[in-house]
Amino acid sequence: MQGTVDGFSYGVVTPLAAYVMACLGGALGLRCTTRSLLVSHSWRPAWLALGAAAIGSGIWTMHFIAMMGFTIKDIPMHYDKPMTYASLGLAIVMVGFGIFIVGYRGATGIPLFTGGTVTGLGIASMHYLGMAGMRFHGRFQYNTLTVAASVVIAVVAATTALWAAGRVRGLLWSVGASLVMGLAVSGMHYTGMAALSVHLHGVPDTTPGDSPTSVLALMLIGPLAFLLLAGVVVMFDPLIVMGKPALPPVEFKPGVPAATVASHHVRHLPLRPVRGPLRHAGSRASRTPQNR
């Protein structure tokens, strides 16, 4: 028995809100990734981890805001909460692998392709694992070609975003990159939803299902709070906002005092008039009758 699916129960409200969350997570993640490329190696893992968590939380939040508008006519739905939260963890871990590859190997060539592929697969895996956590009296079926298209969109979007994180400098360019990334992530989501069809198992289950609004309010408190915290970190870090390169560390050379190396200005001693011929160190003075 075929089920009737409506993916836009609230009109354009849920797609727009989902897009905003995808852009927010992408913007924070990209700026943190850019920041990691401008600092010393000791701080780089922390910034990369923060970027991975921001992107993963953003796309996960985007997914479930979009799912508020998803209904199956006259069919109650339930959510497997452990699997739902597992999709969040999967997104953060896989996005983290991709970001760390680019953060340490650079946003060019094979590292960029590998990191973008892993990150894109993480975005797609989060989507389909989140869908697998939905419970109702039936099952989902997917069109293979459309699913493949959604995965390709996710990989291309992730690769482009990581390239932008490694190359783009300045706030306006970063905002533009995050808008493109949000559009691609939302496009991946709705392409995946277009691949879906619902098959019901005989007589529908009449048990009341979970309210999408109540489930969303409970599940999204943690990720939203984290995104706000990450936003505060970005706002109060001038280097991450302006995209200026970090100052190079002071080079300490053996035998040279630190104060001398750290100073960029050479202090000139005042010149004193030379009285008599210059004498080389270690040479003995000539004992002539004139200087006795």
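This is a predicted model: local features need pLDDT of at least 70, side-chain atom pairs count only at pLDDT 80 or more; totals for chains, interfaces and linings use all residues.
Colleague: How many residues does helix 1 have, and how far does helix 1 reach?

Modeller: Helix 1 covers residues 13-36, which is 24 residues. From the first C-alpha to the last, helix 1 reaches 35 Å, close to the 34 Å expected at 1.5 Å a residue.

Colleague: Is helix 1 enclosed or exposed?

Modeller: Helix 1 is largely enclosed by the rest of the structure, because 17 of its 24 residues are buried.

Colleague: Turning to helix 3 and helix 4, at what angle do they pack?

Modeller: Helix 3, residues 81-105, packs against helix 4 at an angle of about 175°, and their axes are 8 Å apart. Angles over 145 degrees count as roughly antiparallel, so helix 3 is roughly antiparallel to helix 4.

Colleague: Which classes of residue make up that contact?

Modeller: The contact of helix 3 with helix 4 has 17 nonpolar residues, eight polar and one charged.

Colleague: And helix 2 with helix 4, at what angle do the axes cross?

Modeller: The axes of helix 2 (residues 44-66) and helix 4 (residues 109-132) cross at roughly 40° and come within 10 Å. That angle makes helix 2 oblique to helix 4.

Colleague: Is the crossing of helix 2 and helix 4 left-handed or right-handed?

Modeller: The crossing of these two helices is right-handed.

Colleague: Which residues in helix 2 and helix 4 meet?

Modeller: From helix 2, Ile59, Trp60, His63 and Phe64 meet Ile123, Met126, His127, Gly130 and Met131 of helix 4. By class, the residues of this contact divide into six nonpolar and three polar, with no charged residues.

Note on methods: Residues are numbered from 1 along each chain as its sequence is written. Side-chain values use heavy atoms; hydrogens and water are left out. Axes are lines fitted to C-alpha atoms, for helices over the stretch in contact, and angles run from 0 to 180 degrees between N-to-C directions. Helices (H or I, at least four residues) and strands (E, at least two) are DSSP runs, numbered from the N terminus. Angles under 35 degrees count as roughly parallel, over 145 as roughly antiparallel, 65 to 115 as roughly perpendicular and the rest as oblique. A crossing is left-handed if the near helix is turned anticlockwise from the far one by less than a right angle, and right-handed if clockwise. Contact means heavy atoms within 4.5 Å. Ala, Val, Leu, Ile, Met, Phe, Trp, Tyr, Cys and Pro count as nonpolar, Asp, Glu, Lys and Arg as charged, and the others, Gly among them, as polar. The expected span of a helix is 1.5 Å times one less than its number of residues. Buried means under 20% relative accessible area, exposed over 50%, partly exposed in between (1.4 Å probe, protein chains only).
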